[in-house]
Amino acid sequence: MDTKLEIGLELNRFDLEQCRKEHLFALPDRVNQWITINILKEKEGKNIFIIYVMVNVFLTTIPLAISLYLLEERLPDIILSFLGLGYLLFNILIHARSFILALHYSTHTPIFNRKWKFLNHINTTILCNFFGIPVWTYYAHHIAMHHCENNVMPHDVSSTMPYQRDSKLEHLKYMLRYVFLIWGELPYHLIQQKRHKVAHRCLMGAITFFISVFYLFQFRPIATLFVFILPTIILSFALMEGNWKQHIFVDPDDPENVYRSSYACINTSTNALNFNDGYHVEHHKNPAMPWHQLPTYFQSQIKHYIEQDGFIFTNIGSGQVGRLVLNGQLEQLAEHYVNVGQKKRNKEELVKEFKRRLQPITSMPGKNT
């Protein structure tokens, strides 16, 4: 057997074997079987875990949110505020990460068969609004812009390229730009790229969301604050923090190269909590790849990491990678680096290369990859 193939088969075995942990509770076996046979796309039975997340949100978040609205006229404001805070913490700490990643992968590759494809709107039209993502805006931002432009400025307005990516101040500026300006920048970009239909839906979705929230606030201000306003603010920051950390290393000599504009995080428990989101290079290279196939796909891509000098980290998630970078702990990050045949570097040389790929990029190099 080829040595590189052997390396690939053993390198991320932990991710292939660990149990899924995205959901709070599962469904009965008979229900699982019926859903898998009748509703899910053929041969994609593992998407039952996305169904679990959807059902979890429907049976907890939605009833709790409705309860807050019903109780607002019956309870003192202080008590309702405490209940609202409990709801907010529950929804963000328990469901937000899993739901956003479920939305992410089901938007890229719809999970329902043709007969039941209308169920795709559960995530993209209904549930997303409870996690700070106005109806119809996720596709516009993440697929029509971010993946089409591949983190490359100027047309990816969420590009990390022009920032000093180990600076906490630059990190804050990046997130604030999204929170306050994305609602205008995103449709403007889409119109520039002649994606008029997507731009129209994005604008209509955002306008509908904010008008609805404004209307609800007039009648139920406390419930609306905790159900819609605070999640939109908090999770807007969280979404951009995630994108920043996944694209924190960008090679100034080759920023369009997916192996040099992101990295892979393998053998980490966070991959069982976020639908294998640590395989971000693989996701950008093949966005239609189902989440559960990413660890196996990674194995087939080892030669490209070697050829392109891509970064691989083990026993660490992208969130922790970002924290180590922003805290200046690059030597500690180097301990998690995996060399499968890339350019040989000692720790000092590796840290130097980290720093090179953290520099702001204000213009594109002459060549394209």
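Reader: What space lies in the largest pocket, and what makes it a pocket?

Author: About 1200 Å³ of space lies there, a volume being the space filled by probe spheres set on grid points that are joined across faces, edges and corners. A pocket is an open set of points on a 1 Å grid over the protein atoms alone, with protein on both sides within 12 Å along at least five of seven lines, whereas in a cavity a 1.4 Å probe fits but cannot get out. Please keep in mind that this is a predicted model, where local features need pLDDT of at least 70 and side-chain atom pairs count only at pLDDT 80 or more, while totals for chains, interfaces and linings use all residues. Residues are numbered from 1 along each chain as its sequence is written, and side-chain values use heavy atoms, with hydrogens and water left out.

Reader: Which residues line the largest pocket closest to its centre, and which helix gives the largest share?

Author: Lining residues have an atom within 4 Å of a point. There are 50 of them here, and Ile100, Leu101, Ala238, Leu239 and Gly242 are closest to the centre. Helix H5 gives the largest share, 10 residues; helices are DSSP runs (H or I, at least four residues) numbered from the N terminus.

Reader: Why is the pair of Phe49 and Trp291 called edge-to-face?

Author: Rings of Phe, Tyr and Trp (its six-membered ring) pair if their centres lie within 6.5 Å, and planes under 30 degrees apart count as stacked, over 60 as edge-to-face and the rest as tilted. Phe49 and Trp291 are 6.4 Å apart centre to centre, with 80° between the planes, so the pair is edge-to-face. Phe49 sits in helix H4 and Trp291 in the loop between helices H12 and H13, 242 residues apart.

Reader: Is Trp291 buried or exposed, and how do you know that?

Author: Buried means under 20% relative accessible area, exposed over 50%, and partly exposed in between (1.4 Å probe, protein chains only). Trp291 has 2%, so Trp291 is buried.

Reader: Why is Arg357 said to sit over the ring of Phe311?

Author: The rule asks for NZ of Lys or CZ of Arg within 6 Å of the ring centre and within 35 degrees of the ring normal. The charged end of Arg357 is 4.1 Å from the ring centre of Phe311 and counts as over the ring. Phe311 also belongs to an aromatic cluster with Phe249, Tyr263, Phe313, Tyr337 and Phe354.

Note on methods
Helix = DSSP H or I, 4+ residues; strand = E, 2+ residues; numbered from the N terminus.
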